[in-house]
Amino acid sequence: MDNKKLGFGFMRLPSLDPNDPSKVDLELLKKMVDAYIERGFTYFDTAWMYCGFKSEDAIKEVLTKRYPRDAFTVTTKLHSGFIHTLEDRDKIFNMQREKTGLEYFDYYWIHDINAHSIEVYNRLDCFNWILEKKAQGLAKHIGFSFHDSPELLDEVLTLHPEFEYVQLQLNYLDWESKSIRSHECYDVAVKHGKPVIVMEPVRGGTLAKIPAEAEKMFKEYSPEASVPSWAIRFAASHDGVWKVLSGMSTLEQVLDNTSYMSDFDPLNEKETSIVMKAVDIINGTITVPCTGCEYCMPGCPMGIQIPRIFSLYNSDRLEVPEKGWTPQGQYYDCLIKNSGKASDCIECRQCEGVCPQHLPITKYLKDVVSYFGK
């Protein structure tokens, strides 16, 4: 298999309906996958609930049915939110095999280990269960994704050295973050000798649309390099990083990412210095540090499109004053026509309980109400 560091994340796939991620544009996705594979890349990452539970189905349509099994590798995951009994573990695993059309998974992760989910995984004996799947040859390699403190990560890896890989949120904005603590979590994984798979290297698109002052620094140093390329190269430049996942949703993104990751060149000292200056600029402007993972969505009793609302809010707050009229308010009005408004929030805070970023979501929703109006 390839030794290239760029992985294809099947979390934000092209959609035929901007309001429904489950309506995956399979024809466009086929072109994207073909371009990715033609350039020597093979690693695909999916999960049970991605794209309205249709991401794994897309794997079957664009990969399993069209390529020989040794032409690609697939990772999928078991999430604590969808298992309630011992039987649920195998039920979901077998449905994942059916949905993807795969007899076995090259990589299989316990999804999003944190202080809450680990109680479910322990209660349902998922750590022994995943070892059984490996012994049966149904999961060739095992690991877990993680959204919590370096202290808990150290505890998990100490108790479970059987895990081969760790998937972490790592990007230049979160590297020294006091809440995400990417650098510290990375150090723990390295201490335990575990290869790191990076998720959210562009932070859900936040690092693709940075303030003009920061973008100017990037372009002055390297006019041809895209803004997202700085974020992906930052993540890939760290020793011990095995793959960097990019949730690509356009053919242009695939062509751009594969162009500089085919023959990867780590950031040099000057480039790293520029990135750190960009962090200072961005931290001074961003309002809601939401990555758009949508973990908050399934349980919202009011059907509020929380990540999309925050995205619009952030985008509008980042607009330059001289632009005058901006479209975000109109997009917000269109969005809430068929879904909950920010003002519909009843402050049940279930969203805050599952948010990997530990954001005060209800507070931010009140800010949105004040900003865009009720």
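Modeller: H238 is buried, its relative accessible area being 15%. This is a predicted model, in which local features need pLDDT of at least 70, side-chain atom pairs count only at pLDDT 80 or more, and totals for chains, interfaces and linings use all residues. Residues are numbered from 1 along each chain as its sequence is written, and side-chain values use heavy atoms, without hydrogens and water.

Biologist: Why is H238 called buried?

Modeller: Buried means under 20% relative accessible area, exposed over 50% and partly exposed in between, with a 1.4 Å probe and protein chains only. H238 has 15%, so the term buried applies.

Biologist: What does H238 touch?

Modeller: Leaving aside residues up to four places away in sequence, H238 touches K5, L170, W175 and Y186, where contact means heavy atoms within 4.5 Å.

Biologist: What makes strand β5 largely enclosed?

Modeller: Seven of the seven residues of β5 (residues 73–79) are buried, so the rest of the structure largely encloses this strand. T73, T75, K77 and H79 point one way, whereas V74, T76 and L78 point the other way. In a regular strand, side chains alternate between the two faces of the sheet.

Biologist: How do you know that β5 pairs with β6?

Modeller: Two strands pair if DSSP finds at least two bridges between them. β5 and β6 (residues 105–113) have five bridges in the parallel sense, so they pair. Within this pairing, T75 stands opposite Y107 of β6.

Notes. Helix = DSSP H or I, 4+ residues; strand = E, 2+ residues; numbered from the N terminus.
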